[in-house]
Amino acid sequence: MKVAMKRLLASSVMAAALAAGPSMAQEADAYRETQLGLYVTAAEAWELMQENERAILIDVRDPIEIKFTGFAEPTDIHVPWVLADRDNFDEEAKTWPVVRNADFEAQVKARLDALGVAEDDPIIVMCRSGATRSAPGADVITDMGYRQVYSVNDGFEGSTLKEGDSKGVRAMNGWRNSGLPWSYEIDPEVAWRPSE
């Protein structure tokens, strides 16, 4: 019942946001809590992957973001939740808006099927900080029928420092700051391609 109410509320908010315009729609589509309520830190995700060889790691960040911040080496699937809209610079916000990857569900499903992932295999979804992309991505995967979908709550880059010369830099926790295997090199077999 709780999940149904959450979905009804989310649908109402999304419909209102879409009517209001694209920037509000993007905000409404971003949330932290998942339907299943399954969360792990990056370190716990690594531990789960070491304990269970069937565990799958999915990165849902934009490819350009990965290019400049790095990639978790054991990533099995890379499909972005949102992409920077490079055709429409937002003068007021002074940046490019992000748009939802309309093919997210189909692309993830195709990759899960290709890897032979079963409905009860652990699936771990990671974005930059665990704030706005891994949770909605995890919920879409849950809606596909998978029953163990985790959101990495500190993401790849982790949290920002609250003080000091590097205040605001993402240098606490997260995959990259936890000493877990990562690289700037992206596995060509895992790299997202828009046509897939």
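# Sheet and helix packing

Q: Which residue in S8 stands opposite Ile124?
A: Strands are DSSP runs of E of at least two residues and helices are runs of H or I of at least four, numbered from the N terminus. Two strands pair if DSSP finds at least two bridges between them. Strand S7 (residues 123-126) and S8 run parallel and are joined by three bridges. Opposite Ile124, the residue in S8 is Tyr150.

Q: At what pLDDT do side-chain atom pairs count in this predicted model?
A: Residues are numbered from 1 along each chain as its sequence is written, and side-chain values use heavy atoms, with hydrogens and water left out. The model is predicted: totals for chains, interfaces and linings use all residues, local features need pLDDT of at least 70, and side-chain atom pairs count only at pLDDT 80 or more.

Q: Which residue in S7 is the bridge partner of Ile58?
A: Strand S2 (residues 56-59) has two parallel neighbours. Two bridges join S2 to S4 (residues 77-78), where Ile58 stands opposite Ile77. Four bridges join S2 to S7, with Ile56 partnered by Ile123. For Ile58, the partner in S7 is Val125.

Q: Which residues of S7 are buried on the side other than that of Ile123 and Val125?
A: Buried means under 20% relative accessible area, exposed over 50%, and partly exposed in between, with a 1.4 Å probe and protein chains only. S2 is covered on both faces, with Ile56 and Ile58 buried on one side and Leu57 and Asp59 on the other. S7 is also covered on both faces: Ile123 and Val125 are buried on one side, and on the other Ile124 and Met126.

Q: Why is H6 largely enclosed by the rest of the structure?
A: The buried residues of H6 (residues 134-143) include Ser134, Asp139 and Thr142. H6 is largely enclosed because its buried residues number nine of ten.

Q: At what angle do H5 and H6 pack?
A: Two packed helices are described by the angle between their axes and the distance between the axes. Axes are lines fitted to C-alpha atoms, for helices over the stretch in contact, and angles run from 0 to 180 degrees between N-to-C directions. The axes of H5 (residues 104-114) and H6 are 10 Å apart, and their angle is about 65°.

Q: How many nonpolar residues are in the contact of H5 with H6?
A: Contact means heavy atoms within 4.5 Å. Phe104, Glu105, Val108 and Leu112 of H5 meet Gly137, Val140 and Ile141 of H6. Ala, Val, Leu, Ile, Met, Phe, Trp, Tyr, Cys and Pro count as nonpolar, Asp, Glu, Lys and Arg as charged, and the others, Gly among them, as polar. One residue is polar and one charged, and the number of nonpolar residues is five.

Q: What share of the 196 residues is buried?
A: The protein has seven helices and eleven strands. Across its 196 residues, the buried share is 40%.
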